[in-house]
Amino acid sequence: MPTQVGLETVMDRRQRTGYLVLAVVLAHVILISAQVNAAPGTSVLQSVTFGVFAEVQRWVTSARDGVFNVWSGYVGLRGVREANLRLNAEISDLRLDLQEQRALANQTRSLERLLELRETVALPTLSARVIAVDSTPYFRTLTVDRGRDNGVRTDLAVIASVGVVGRVVGDPGPRAAQVQLLIDRNAAAGALVERTRTSGVVVGTDDPALLVMEYVSNLEDVRVGDEIVTSGIDGIYPKGFRIGKVTNVEEGVGLYQLIHVEPIVKFSQLEDVLVVLNSQAVRSRAESE
Amino acid sequence: MKTAQVGILIAVALLVQTTVIKIGAGGGTPVDFVLIVVVLTALQRGPVVGLWAGTFGGLFQDALSGGIIGVSGLTKTIIGVGSGVVGSRFILGTVWHRLAFVIGASLVQAFSYLGIYSLIGLKSPMVSFNAVGVEAGLNGVVAIVVPWLFRVMPAMFHRFRQGRNPLNRRRWTTS
């Protein structure tokens, strides 16, 4: 008799676990369906988790950087004299280069005035630090330490010193924002071949070290090594910023060429970026050009 | 207490995933630390703990990533329950058994994740079989190496403090 009672308890427990699994799975399915049907936006869970976790991520990143800095500072002390001598020599060379560049810049300015070219409007930007990367291996996003309180909004462009990084996605938290990298499969940017001014759209692929330029006609002249820059027609990315270099050009199946582009930005080494604050300025600049 | 331990483990896994380790293109790491915690916890503590670890780990991971909330939650819930059931019925005694199990669980998780995205008609975030394979392999290696390190580190540290060779293989265990 006690054995039968024990067996019934085990069966009860298994049944309860089964119901629990069913309920949780159903809840997930409902949650997913609600988001697929609903208008795009950020859920409460997403905002709260992102807001809270961003603070912890900021703290952990600072601690990690602190440890790395102490260590690299210690290592850096060794051989600092040789580095000083080398750097002094480099500074002398750079000063000379600077003089030449200044002379060139003055010459260009006077030429611009002569040709009555409009002066380029400097875009308002905000520097930000990368504090976290994506929580899954499937998406390619970053978290930066600037958010709503600093004027960051959805769809603002994010750039690095060498080129385009991506755009702000989702609702930014008060002190952090999520950036979708240009290499994400769902990312895209209006682009131009710098040499020929041929326009197209650059999109992310499965390969994180590769972009593809789409909608470029088979008749257009595109060569390996051509620089790809932003066209500004998407109204997000400012015009003329570097995206990458063409690594392969093939005739596509339909009307368009298959163009592989190697991104100029080393996304795994990103530490500091700039957020372009005024999307209106980007749009009006693209329209006027 | 046990619930808190699992919660802390998941939080640490998320932090390691997003902040401490920045390798691979895109700045992200091709290892899913949350999945590893879910599988190892479920193997040790059964399907119910696996279910809750998978649900909360997956949901928080979804909330922090750019995807749809619930996809990772659902796949990790299923993996957590499955691992718990396997752990309560079989003994995965050897390293190879555990390695194979974690690799299998990673593959199931990745394909169900991409499958759900295909089912709902959205562009899946990653479809490269190579990337899935690399992630599964790395998950397996990390799931074996990290717990082993936690097991041997105290003894190694103890030997180091005593001025003896901490890498003497026969002395790694404390017993």
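## Interface area

In this predicted model, chains A and B bury about 4400 Å² between them. Carbon and sulfur atoms account for 68% of that area. The size of an interface is often given as the accessible area lost when the parts come together.

Chain A brings 44 residues to the contact, and chain B brings 54 residues. On the chain A side, the most area lost to chain B falls on S135(A), Y138(A) and R185(A). Together these residues make up 18% of what that side buries.

## Polar links

Zero salt bridges are counted between chain A and chain B. Polar contacts do occur: three residue pairs are found across the interface, with both residues at pLDDT 80 or more.

## The chain A side

Helix 1 of chain A gives the largest share, twelve residues.

By residue class, the side of chain A that touches chain B holds 26 nonpolar, 13 polar and five charged residues.

## N139(B)

N139(B) sits in helix 6 of chain B, which spans residues 129-161. N139(B) counts as buried because its relative accessibility is 0%, and the cut-off for buried is under 20%.

Key. Residues are numbered from 1 along each chain as its sequence is written. Chains are lettered from A and ligands numbered from 1 in the order in which they are written. This is a predicted model: local features need pLDDT of at least 70, side-chain atom pairs count only at pLDDT 80 or more; totals for chains, interfaces and linings use all residues. Side-chain values use heavy atoms; hydrogens and water are left out. Helices (H or I, at least four residues) and strands (E, at least two) are DSSP runs, numbered from the N terminus. Buried means under 20% relative accessible area, exposed over 50%, partly exposed in between (1.4 Å probe, protein chains only). Contact means heavy atoms within 4.5 Å. Buried area is the accessible area (1.4 Å probe) that two parts lose on being put together, summed over both. A salt bridge is a side-chain nitrogen of Lys or Arg within 4 Å of a carboxyl oxygen of Asp or Glu. A polar contact is a pair of N or O atoms within 3.5 Å; within protein, one must be able to donate a hydrogen and the other to accept it, and residues adjacent in sequence count only if both atoms are side-chain atoms. Ala, Val, Leu, Ile, Met, Phe, Trp, Tyr, Cys and Pro count as nonpolar, Asp, Glu, Lys and Arg as charged, and the others, Gly among them, as polar.
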